[in-house]
Structure formats: structure tokens, C-alpha cells
Amino acid sequence: MQAKLLLLGALAAAVLAAQNQPALGEDTVKVSDHVWAIMGWPNIAIVVGNRATLVVDTGLGPRNGATIARVAAKLAPGNQKLFLTTTHFHPEHAGGEAGFPSGTILIRNGVQQREMELHGREMIELFAGRSAQFKELLVDATPRTPDITFEQEAQLELGGVTARLLWFGGAHTKGDELTFVEPDRTLVSGDVVQNKIVPGIFRDGGTPSSWLAVLDKVAALDALHVLPDHSAPGDGSMVALEKQFISDLRNSALELKKQGVAVDDAGKRLEGEFKTKYPTWPNMNVSGFVRSTYAE
């Protein structure tokens, strides 16, 4: 138990040091027997079998994609096959595809791919306008057509380890994808399960109700380890905590809506209340989720 706590503490420290760094480094931490992670913005999962390797997410732009590919090759120099998948269509998760070597097998769920086709280029241009660094990193970021698409689940046999790619429904986006690594029982959760971060629904993504329905399916996986994309890794209890927080916030917002409280006022009121209820959460910017609840 002490060793596990020390490992989780080291992982948390690594994330805190790197989470605001869009240019990824080559250092890794071991999450579970077959899963390594590059900690940054976002966290990148690398799942290593004895025949093939899977990378989850690309980083922001091709330069980050190339960095991740180098790390994957160092972790498993004998593997000839490299798979790549993405948690959702936003540029820090999917904008680095062009940096991976030719022959990389890109796979993602069909719902996410449709979001990519509709809004992928728009999102790259939006992010490139945020800073000079983002613009530089996104030079030559060009979404490509996946080699494989799936509807609800695809299984990759990597050699001694199976990666289950899962689409359970909309949450942060319509096409949020989860990766469950067996036998490690490690969940690569994207934005669906975060570590003490207020959830946010992007534009016309999921709804508070659909997010809760997704979490019911995630809970059934009985994860032992959870690697989110923008927060510190942790254990399987993160799933229940995410569901508790969303249920609590949704129910509180619906009660205020029933009372006729305006949505902006509800957001301000609940921000104060939830800072008290969840004092260890670093930020309590709940207004967006309250708006999503009122709109549902």
C-alpha cells in the first residue's frame, strides 16, 4: 500500500509540473504493468504489448506526435506495429497525427470521426490563434482519414495485453473514446473521468444525463488505475467521485431551475456552495455545466 501511495504521489507531482506544457518531453512514468504515460498537456498513454504498441492521443501538433512516436519506439524497440487512437477531436488530442511515422494504424470511433470531419480544421485554426506557440506547434497539422473506424468497441491484441477501445456515448464531446487495458484494469479516460476537475460539455457534445449514463458503463469496467488527460492519475475510485460530483451538481441546478432562479444566478450560487462542499478541488467554475443542465 505504501508503495502504491508513493507511486500515485510521484504521478501527481509529474502532472502538476507538466500539465501546462503543450510541448511534450520524452520522460515517462509507469502507470501499470503495460501502460506508460508522458505527462503534459495532455497526458499521453502508451500501451506496450510484446507484438504491438498503442498510443492514445497525439499532443498538440506534429512535433509532439513525433516526440510521442520516438518514446513509443524506445519503450518497445522490437514492436513492428504501432496503433494510434484519440480520446476526442480537439487539437491537443488529435492534432499531431502527421508526426507519427508512415504505417501507423489510426483507429477511432465513427462518432468522433464525424466530429473531426465537421469541425477538425476549424478547431485547429481556433487553437492556432490562441498563442504564437500554439500556432507554431500546429503548423502542418492535417487530420487524416482513419485506417479503421468502429461503432461501439474495438479490441486490439497487442501481445500479452488487450486494449479495448470503447464508445459509450456523449459526455465532454459526442465522440469521447475510452481505452481499457486488460489485464492491468487501467482506464485511459480522456475528459470523461478527471481528477477533481469540474466537467465541461463542449458545444453540442453530450448532456449531463448522457454523461452520467456513460459513467454507469465505465463503473462496470471496475478499473484499478485511471489515467485522465488533463489531471493527475489515480485509482478506480475516481469514477465514483466523478459520478457523485456530476449528480450532485446536476440535481442542485435542476432544483434551482425548478425554483425559477435564473441560470447565471444559479451558476454563481452553486460555485460558492460547491467550493464549500468540495474544498480540495482547485477550481469550481461550474457555470458552464449549470447552463448545460438548464438547457437539457
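Over the ring of which residue does the charged end of Arg130 sit? The charged end of Arg130 sits over the ring of Phe127, 4.0 Å from the ring centre. The model described here is predicted.

**Nonpolar cores**
- The largest nonpolar core contains 36 residues, and Leu187, Val193 and Phe245 have the most contacts inside it.
- At least two residues of this core come from each of S10, H6, H7, H8 and H9.
- H7 supplies the largest share, 7 residues.

**Phe245 and its surroundings**
- Phe245 has a relative accessible area of 1% and is buried.
- Apart from neighbours within four places in sequence, Phe245 contacts Val198, Pro199, Phe274, Tyr278, Trp281, Met284 and Val286.

**Aromatic pairs**
- The whole structure holds 9 aromatic pairs.
- One of them joins Phe245 and Trp281, which are stacked with 4.2 Å centre to centre and 15° between the planes.
- Because Phe245 belongs to helix H7 and Trp281 to the loop between helix H8 (263–277) and H9, this pair ties together parts that are 36 residues apart in sequence.
- Trp281 is buried, at 7% relative accessibility.
- Phe274 and Tyr278 also form a stacked pair, because their ring centres are 5.5 Å apart and their planes lie at 20°.
- Phe274 and Tyr278 are both buried.
- Phe245, Phe274, Tyr278 and Trp281 are linked by ring pairs into a cluster.

**A charge over the cluster**
- Phe274, a member of that cluster, has the charged end of Lys277 over its ring, 4.9 Å from the ring centre.

**Helix H6**
- Helix H6 covers residues 208–219; at 1.5 Å a residue its 12 residues should span 16 Å, and this agrees with the 16 Å between its end C-alpha atoms.
- The buried residues of H6 are Pro208, Trp211, Leu212, Val214, Leu215 and Val218.
- Seen down the helix axis, these buried residues fall within an arc of 160°, so they line one face of H6.
- Such a pattern can be read against the helical repeat: an α-helix has 3.6 residues a turn, so residues three or four places apart point the same way.
- The cover over the buried residues of H6 includes strand S10 (178–182), strand S11 (186–190), helix H7 (237–258) and helix H9 (287–295).

Key: Residues are numbered from 1 along each chain as its sequence is written. This is a predicted model: local features need pLDDT of at least 70, side-chain atom pairs count only at pLDDT 80 or more; totals for chains, interfaces and linings use all residues. Side-chain values use heavy atoms; hydrogens and water are left out. Helices (H or I, at least four residues) and strands (E, at least two) are DSSP runs, numbered from the N terminus. The expected span of a helix is 1.5 Å times one less than its number of residues. Buried means under 20% relative accessible area, exposed over 50%, partly exposed in between (1.4 Å probe, protein chains only). The arc is that of the directions from the helix axis to the C-beta atoms. Contact means heavy atoms within 4.5 Å. Rings of Phe, Tyr and Trp (its six-membered ring) pair if their centres lie within 6.5 Å; planes under 30 degrees apart count as stacked, over 60 as edge-to-face and the rest as tilted. A charge sits over a ring if NZ of Lys or CZ of Arg is within 6 Å of the ring centre and within 35 degrees of the ring normal. A nonpolar core is a set of buried Ala, Val, Leu, Ile, Met, Phe, Trp, Tyr and Cys residues joined through side-chain atoms within 4.5 Å.
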